[in-house]
Amino acid sequence: MGYMRNYSMCICFPKKFGVTETGPPVDVKEVFMECAEGGACITVEQLRRFLVEVQGDAEASMEDAERIVEEVLQRRHNNDLKFTNQALSLEDFHFYLFSVYLNPCLLNQVHQDMTAPLSHYFIYTGHNSYLTGNQIISDCSDIPIIKALKRGLRVVELDLWPNSTKDDVLVLHGWTLTTPVELIKCLRSIKEHAFSASPYPVIITFEDHLTPDLQAKVAQMVIQTFGNMLFFPESDCVKEFPSPEELKYRIIISTKPPKEYLDKSLSSRRIRRSNSPGEKDSDEDIWGTMSADLTNDDDKSDCDTSEHSRCDGDNEACHGQLRPLLAPAYKNLISIPAGKPKGKLREKLKVETDKVRRLSLSEQKFEKATVCHGTQVVRFTQRNILRIYPRGTRVNSSNYNPLIGWMHGAQMVALNMQGYGKSLWLMHGMFRSNGGCGYVKKPNFLMNMGPNDQVFDPKAKLPVKKILKLKVYMGDGWHLDFKQRHLNLWSPPEFYTRVGIAGVPADKTMKKTKKRKGNCTPVWDEEFTFQLTVPEIALLRVEVHEYNISEKDYFAGQTCLPVSELRPGIRAVPLFNRKGEKFTSLRLLMRFEFVQVDI
């Protein structure tokens, strides 16, 4: 006997993006009505007044307003004869405000003083710039260098090692399984792409593990590759660094000056020892070993203080009569001498009146320096260059928070550029300043010295100096830049925005909007206020996410912006992917207002 059974079936269909035409926010409508003085359109003169009074562009001219009107009419109406009255409707006005190209939130040109010494600038710096991935088994290549230079990087690091036959120079991460790349290939790529994003100098830092004859070969390669682009120092002892303006379109070499040994036998012994796993003759930690910085804090330098030893930029132990053995051509290349004097941290941070230098510290060593000698670090960086690099155990090419370095005046805060994450987003944000040229003038408070030689104390509790008021109006572009698989497939999108400040500890905070459901042009229309004690180095973090009830929310775009460079008024804010690459269409409409606080 057969039985009939009834079954119910549930079929789930993936959602389709809702793309609904969203009109201008209420604030935009009110500003338009006020500017149009009751009319249906904004004239060129009314737009100019809007640029001055609302957007804070005091120098806006009639020509600027005319250009905007012409661009908007061309883009929206393609020179339709019906739109030749040189005025903007409400929809045209909204289009203009929401255009990243016509109404950017940051200036896209160099506007800071570029004539101060290099030590007065934060410099866009990479760590192990040649690695394609992790620090242990990835390939070494010139491709990451090219990508970084195109993004505006100004300091490229190359680790130099001899090949197996000791007759050529390779670039690789020593004592790892990384596959090498020829030095000459990296140099040629640097020459070709050095100034594709910025005219300001590119600094190449060498981590040198070479014998004297290979150092001479490197000198020959560098001179033949760069020719007149190469900047040569006027003397062995650099008393003050030149300015970025003086060094436009120039290549600068920074490394330790070569050592001079007692005789050839001692020289060969020390070279062999420096190339062994037990001792790395460079600023970097060898992977898998503890940094010498952490174990030699109490070492006392046995180097004398003769004029010769003070000017060789190295201050290594030396006894008896020195005999020069290394090729002078290599030493003559060095415009930014690097040196790490032995002794306690206080000695390493000593400021000398007759010369300047570059000092490299690992992130652990630097953190220790900020705890014990914070103001001394600030004082050191007023004339000298301080480079910070990731600890050797970051084998996955992760990064540390760069803000601690900038708070103390460190110019070269070196990060691994091949990955992604919040630390790199902060780096990208800082170097969107000053037209993205790779050099950002340090705030005056880091360079000032009081009557009793006081300098800025990063630990000091400071009053609120400025208030940032921002409003997140709306977003658009997800249906164009995101494939469906990147977001939740089974329910209408629910977007929310997180906004906050990265900066000194007192300023650090994150807030978020409510979730907006059902449309790929979400409207939040929410306002936030941030009190800032050190607005000069504060960065505005913006992240958009799509809510997902069952698991982690979906990433839907991010940006990081220097607060000191934000243009007031209603602005279009472009968003970037996790790697810091700009989306084609994705953007937010936001409003920025600053309130100065009387101290």
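The legends below describe close-up views of a predicted model.

**View 1. Strand 10 and its two faces.** Strand 10, which spans residues 358-362, is mostly covered, with five of its five residues buried. The side chains of R358, S360 and S362 point one way from the strand, whereas those of L359 and L361 point the other way, and the residues of both sets are buried.

**View 2. Strand 10 beside strand 11.** Strand 10 pairs with strand 11, made of residues 385-389, in the parallel sense and over five bridges.

**View 3. Helix 4.** Helix 4 covers residues 90-97 and is mostly covered, since six of its eight residues are buried. The buried residues of helix 4 are L90, D92, F93, H94, Y96 and L97.

**View 4. The largest pocket and its centre.** The largest pocket has a volume of about 1100 Å³. It is lined by 36 residues, of which P104, L106, L107, N108 and Q109 are the closest to its centre.

**View 5. Elements and residue classes in the pocket lining.** Helix 3 (62-77), strand 20 (554-562) and strand 21 (569-576) each supply at least two residues of the lining of the largest pocket, and the largest share, four residues, comes from strand 21. By residue class, the lining of the largest pocket divides into 17 nonpolar, nine polar and ten charged residues.

Terms used:
Residues numbered from 1 in each chain as written. Predicted model: local features only at pLDDT ≥ 70, side-chain atom pairs only at ≥ 80, totals over all residues. Heavy atoms only, no water. Buried < 20%, exposed > 50% of the residue type's maximum accessible area, 1.4 Å probe, protein only. Pairing = 2+ DSSP bridges. 1 Å grid on protein atoms, 1.4 Å probe; cavity = no way out; pocket = protein on both sides within 12 Å on 5 of 7 lines; lining within 4 Å. Points joined across faces, edges and corners; volume = space filled by probe spheres on them. Nonpolar A, V, L, I, M, F, W, Y, C, P; charged D, E, K, R; others polar.
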